[in-house]
Amino acid sequence: MIDVPLLRSDTPGVRKVAHFNNAGAALMPTPVIDAVEDYRQEEILYGGYETHRKRGNQIAAVYSSIADLIGSERSEVALADNATRAWDMLFYSLGLTEGSRIITTTSEYVSNWAAYLQVRDRLGVVVDVAPDTSSGEIDVEALEAMVTEADTALITMNHMPTNGGLVNPAADVGDVASRHGVRYLLDACQTIGQMPIDVNEIKCDMLTATSRKYLRGPRGVGFLYITDELAESLDPVFVETESAPVVLPDRFDLAAGAHRFETWEKAYDNVVGLGAAIDYATDIGIEAIWDRIRVMSTSMRNVLEEIEGVTVHDLGSVKGGIVSFTIEGRQTLEIRELLSEQRINVSTSTAFSAPVDMHARDLEGVVRASVHAYNSDEEVDRFIDAIRVMA
Ligand SMILES: Cc1ncc(COP(=O)(O)O)c(C=O)c1O
């Protein structure tokens, strides 16, 4: 059971706002804030490189925290500036060429989708989209038929999209990928910190994630996972001193494992903040966080569905913390602003946030209220009252 009052007393932001924008960037808890601020202070007073050297063990421990969180080896983890760059480093290093076929899902995130369009136009990569089941998640049987039918270089999809609570069946997709020997890249940007994730259970070869959303870490840092075996076989799209140490004037050696996808320079205050966020979440228990998020978001959805004029748009037979909805006769940005005036934070997704899905459902936009374990029942009630008035 989650001790909600304790989580809230750890979160200074809850005294200012009811924050339902955890799918954007969550409110950081005090241990994360302290970790970032202490590190930053030391840099200010003693120097960035000097602090980096002194805090070497703390920085190394962040890789172990990530590895423990996702059930990987430490060597299989690399840090990045954000989830998109982590994802790009992997995607663009896969050596896709003309005729390589990738399969994705309808709910794909806009930046990933832009990359598919780019490799389609630049290289002649074939981009196929697997259909959904009637409840909206990727249809795993149809995916398997597609993989059986023609050579597939990559299955690449999100675990939870940006625009709704849908949870894609990542482990069932992993079964298909591993049975057919197809590489599998999972975008876990919205699910990391929200639900338990074990890369061995999911059987993904690669995974990417961010610090600032459900993990409640700082902005400006993300990470990737790649199996040691796959990493060793890939030539990174970019190299620099961390990923490819130059050992002779005319030679560089690629770093072992995931480090070949990393850069040396980082916002180390954010890196230690990410480590603190993971340790904080695992101390609470990710399973307990996931239970509370599901209970809260289910009840929010149920109540919203009862309000005349409100339509809830979440798909999926399993749903998580993102609640997406519209109100008849109201623009999504207007709803966000009206809530903001009442110190309630939500965000919006546009038709281009998840372009294939939003266009298929003819949605111009949705309001996105994303719930976390530290949100209180009173905050949900306040939010619902405000929506009732608007509707
Ligand atoms: C599903 C999904 N994937 C990827 C990203 C990109 O993450 P970042 O902004 O850290 O690059 C987001 C961001 O909202 C997202 O929702």
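Visitor: Among contacts in the protein between residues at least 6 apart in sequence, what share joins residues at least 24 apart?
Guide: This is a predicted model, where local features need pLDDT of at least 70 and side-chain atom pairs pLDDT 80 or more, while totals for chains, interfaces and linings use all residues. Residues are numbered from 1 along each chain as its sequence is written. Two residues are in contact if their C-beta atoms, placed from the backbone, lie within 7 Å. Of the contacts you ask about, the share joining residues at least 24 apart is 71%.

Visitor: What percentage of the 391 residues counts as buried?
Guide: Count neighbours: a residue is buried if 20 or more other C-beta atoms, placed from the backbone, lie within 10 Å of its own. Across the 391 residues of the protein, the buried share is 49%.

Visitor: Is α2 roughly parallel or antiparallel to α11?
Guide: Helices are DSSP runs (H or I, at least four residues), numbered from the N terminus. Helix α2 spans residues 30–46, helix α11 spans residues 268–284, and they pack at about 155° with axes 8 Å apart. Axes are lines fitted to C-alpha atoms over the stretch in contact, with angles from 0 to 180 degrees between N-to-C directions. Roughly antiparallel means over 145 degrees, so α2 and α11 are roughly antiparallel.

Visitor: How many residues in the contact of α2 with α11 are nonpolar?
Guide: The α2 side includes V32, A35 and Y39, and the α11 side includes V272, A276 and Y280. Ala, Val, Leu, Ile, Met, Phe, Trp, Tyr, Cys and Pro count as nonpolar, Asp, Glu, Lys and Arg as charged, and the others as polar. The contact holds 2 polar residues and 3 charged ones, and the nonpolar count is 10.

Definitions and conventions:
Buried ≥ 20, exposed ≤ 12 C-beta atoms within 10 Å, placed from the backbone. Helix = DSSP H or I, 4+ residues; strand = E, 2+ residues; numbered from the N terminus. Parallel < 35°, antiparallel > 145°, perpendicular 65-115°, else oblique.
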